[in-house]
Amino acid sequence: MRRNALLSSTNLSWGTLALAGATFLLLLRLLAPNFFWQIFTPLFRVSDTLARESHAFFDGFGNTATLALQNEKLMNENAALANENQALLKKTASISELVPDTRGIIAGIVARPPASPYDTLVLSAGSAEGVTLGMEAFGAGGVPLGVVSSVLANFSRVTLFSAPNMTVNGWVGRTNVPVIISGAGAGALNASVARSAGIAAGDIVFAPGPGMLPIGVVTRIDGDPASPSVILRIMPILNVFSIAWVVVRDTGAALRGAFSSTTPILP
Amino acid sequence: MMRGILTSLTFISTVLFPWPLTVLLALATSLFEPLVPLAAGLFADTLYYAPQSGALPFFTLYGALATAVALFVRSRLKTSIIRG
């Protein structure tokens with residue numbers, strides 16, 4: 001008995017079934033297009049997603065030669081940078097041996113007014129971190145804030161320049177008139193200056209540090225019209241209620257204090 | 001079983017995979033099932049043919065061609081002395 005070429009091992013071959021199925025789908029598309037597209041739209045979405053993902057995946061391997069070159073170039077650059085880094089580290093180490101560290105100690109503020117006594121800050125760094133008595137505390141932008149007045153192992157206290165009995169030499173105005181700035185308490189500063197100096201409200205007050213550092217702004221000028229001097233009411237540039245960290249470093253304040261207490265006139 | 005898997009793969013490939021893979025599968029399946037290229041071509045045109053374009057349904061035509069070639073080759077093999 002001869003076997004039909006279209007019918008192989010079974011009565012109906014897979015090819016015939018496939019052809020029948022394809023013809024059925026073609027008829028479905030022609031006779032009921034809406035139903036047909038309703039069935040196949042999700043399949044097309046899956047197909048689109050698959051195509052997108054596979055393109056993204058295979059694109060990664062597309063330019064293997066370029067990637068290899070880029071990889072080699074980056075490795076060379078990396079090696080060069082590592083060498084440069086080593087050389088710079090050696091230079092830094094040699095410079096650090098010659099020059100003492102002037103960057104200071106960064107300390108977070110544990111308590112500030114009103115949590116701490118007025119015109120003091122409690123820092124989260126103490127003698128363990130290298131803080132010593134007489135070091136000066138600077139806020140953001142290098143604004144001088146005060147002097148370390150007490151040190152524990154892990155904490156220290158800074159007395160602000162605005163504390164009563166605190167004095168610091170400084171300058172005021174565009175002509176840099178020298179003044180002695182004294183603490184007035186509650187975050188305020190005062191200074192006395194000759195009326196003829198021509199200081200006006202809004203003038204900046206500077207304190208010594210590395211150069212001249214702005215410490216406050218003249219907000220009001222008080223004085224008896226008969227007096228030759230006036231009192232400058234100074235508002236600090238930084239709000240002590242909102243300071244989050246300070247830099248503490250030695251500026252020689254202790255040395256200056258020792259000089260002023262032992263010798264009335266500096267040599 | 002193999003024929004069924006290949007035929008199904010060809011149809012799935014028509015929807016999901018790139019057309020070169022579909023062509024490859026259809027040609028491979030045609031070794032066992034000569035009607036599959038025609039069926040796959042018809043299926044592809046059912047899915048992707050746009051009558052408004054005015055173009056010919058090439059998938060069906062190429063499928064028919066592949067089927068004709070496959071049938072011809074099979075008929076030659078059947079009548080050859082090698083098969084006995």
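Colleague: Where is the place of N176(A)?

Modeller: N176(A) lies in the loop between β6 and β7 (177–185) of chain A. Strands here are DSSP runs of E with at least two residues, helices are runs of H or I with at least four, and both are numbered from the N terminus. The model is predicted: local features need pLDDT of at least 70, side-chain atom pairs count only at pLDDT 80 or more, and totals for chains, interfaces and linings use all residues. Residues are numbered from 1 along each chain as its sequence is written, while chains are lettered from A and ligands numbered from 1 in the order in which they are written.

Colleague: What is the phi of N176(A)?

Modeller: First, the general idea. Most residues other than glycine have a negative phi. N176(A) has a positive phi, near 55 degrees. N165(A) also has a positive value, near 75 degrees. N165(A) sits in the loop between β5 (156–160) and β6 (167–172) of chain A.

Colleague: Why does N165(A) count as exposed?

Modeller: Count C-beta atoms, placed from the backbone, within 10 Å of the residue's own: 20 or more others make it buried, 12 or fewer exposed, and anything in between partly exposed. N165(A) has 8 such neighbours, so it is exposed. N176(A) has 11, so it is exposed as well.

Colleague: In which sense do β4(A) and β5(A) pair?

Modeller: Pairing requires DSSP to find at least two bridges between the strands. β4(A) and β5(A) pair antiparallel over 5 bridges. V147(A) stands opposite T159(A) in β5(A). A hairpin of 4 residues joins these two strands.

Colleague: Over how many bridges do β3 and β4(A) pair?

Modeller: Strand β3 (residues 136–138) of chain A pairs with β4(A) over 3 bridges, in the antiparallel sense. A137(A) has G146(A) as its bridge partner in β4(A). The hairpin of β3(A) and β4(A) has 5 residues between the strands. There, G141(A) takes a positive phi near 85 degrees. As for burial, 6 of the 8 residues of β4 (residues 144–151) of chain A are buried, so the strand is largely enclosed by the rest of the structure.

Colleague: Now chain B. What pattern does chain B follow along the sequence?

Modeller: The pattern is α-α-α-α. Chain B has 4 helices and 0 strands. Of its 84 residues, 37% count as buried.

Colleague: How far does α3 of chain B reach from its first C-alpha to its last?

Modeller: The expected span is 1.5 Å times one less than the number of residues. Helix α3 (residues 36–48) of chain B has 13 residues and reaches 18 Å, close to the 18 Å expected.

Colleague: How many residues of α3(B) are buried?

Modeller: 11 of the 13 are buried, so α3(B) is largely enclosed by the rest of the structure. Among them are L38(B), L42(B) and F43(B). The cover includes α1 (14–31) of chain A. It also includes α1 (2–16), α2 (19–30) and α4 (58–79) of chain B.

Colleague: How many residues of chain B are in contact with chain A?

Modeller: Contact means C-beta atoms, placed from the backbone, within 7 Å. By that rule, 18 residues of chain B are in contact with 18 residues of chain A. On the side of chain B, α1, α3 and α4 each give two or more residues. α3(B) gives the most, with 7 residues. By class, the side of chain B that touches chain A has 12 nonpolar, 3 polar and 3 charged residues. Here Ala, Val, Leu, Ile, Met, Phe, Trp, Tyr, Cys and Pro count as nonpolar, Asp, Glu, Lys and Arg as charged, and the others, Gly among them, as polar.

Methods:
Contact = placed C-beta atoms within 7 Å.
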